[in-house]
Amino acid sequence: MNDRFQMVGILEKKTASEVKSHSWYKEHPVISEVLLGLLILGCLFAKGIMTKDPTYMDLLHYATPPGKEFLFGTDTMGRDIFSMIWYGGRVSLFIGVLSTVITTVLAILVGSISGLASERVDTLIMRFTEILLAIPGLLLIIFIQAILGQANVFSISFVIGITGWMSMAKVIRTEVKQLRDSEYILAARMMGGNFFYVLWHHLAPNFISSIMFMVVMHVRSAIVAESTLSFMGIGLPLEVISWGSMLSLSEKALLSGNWWIIVIPGLFLVGTLVCITQIGNYIRKRGNTTQSVL
């Protein structure tokens, strides 16, 4: 009779290290990380990969299909697409990273100020943030870029950066409001710690994991925004090679039947975005798992 029953104790929760070691080989996006790493290395060391000068216009070989001399073919201006892919990838990735840095800094400052401020100031900041969120992001980017004038790498990065901080700031504000009454925060402020000291040493280490997913995904959004602007003809000029500016020639390529001019850069762009998305989703899942364990 007693063999049918078994005494058990309290079900023990798995520690964060056990969950991490168990999920590493099961959910870790190894393929995406390897592909993205290879792509970044190829863009950084483009001079060792490029077979031709990406800016040289070889009019004798314009719109040449892929072959031995031109691995990915040439565009309508005779430029080698293989070399342009690696050379232009640096510009697209640079815009994505720089705009993300600007967005993250603004979001941390605005979110932390709102979370630590009085109720009236907090409400005012959040209403302004919600007004900006109600405006379509692409429309806001086009409007500010039109004010700045001729687009370049830094202006595009700046415009994308200052128009994408709102959602991240709201998340940071929520985290800061939960942390601001903690004993170590109150002790640091009573001992004379200023806003930036408390932010850097006490607040940021606690909410940075909550926004890592948004940070990674903003790199993807910035690359998409730059490509969209160039596709619409209001982004980077044609002489500045990026994946977006390469896709701006897609209309002529489709009409003339030169599929490689749009398909090959499009595959690199889509592949990069998919890899970043997979890595971002993994960071989000890992953050949720760690919080549930704790």
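The model is predicted, so local features need pLDDT of at least 70, side-chain atom pairs count only at pLDDT 80 or more, and totals for chains, interfaces and linings use all residues. Residues are numbered from 1 along each chain as its sequence is written, and side-chain values use heavy atoms, with hydrogens and water left out.

Select residues 81–116, which form helix α3 (helices are DSSP runs of H or I, at least four residues, numbered from the N terminus). Its 36 residues should span 52 Å, and the end C-alpha atoms are 51 Å apart, which agrees (the expected span is 1.5 Å times one less than the number of residues).

Next, select Asp122 and Arg173, which form a salt bridge with the closest N and O atoms 2.8 Å apart (a side-chain nitrogen of Lys or Arg within 4 Å of a carboxyl oxygen of Asp or Glu). Asp122 is buried at 4% relative accessibility (buried is under 20% relative accessible area, exposed over 50%, partly exposed in between, with a 1.4 Å probe and protein chains only).

Stay in helix α4 for Arg127 and Glu130, three residues apart, whose side chains meet in a salt bridge at 2.9 Å, N to O. Arg127 is partly exposed at 40%, as is Glu130 at 33%.

Finally, select Cys43, buried at 1%, and Cys275, buried at 7%; the structure holds zero disulfides (pairs of cysteine sulfur atoms within 2.5 Å).

How values were computed: Helix = DSSP H or I, 4+ residues; strand = E, 2+ residues; numbered from the N terminus.
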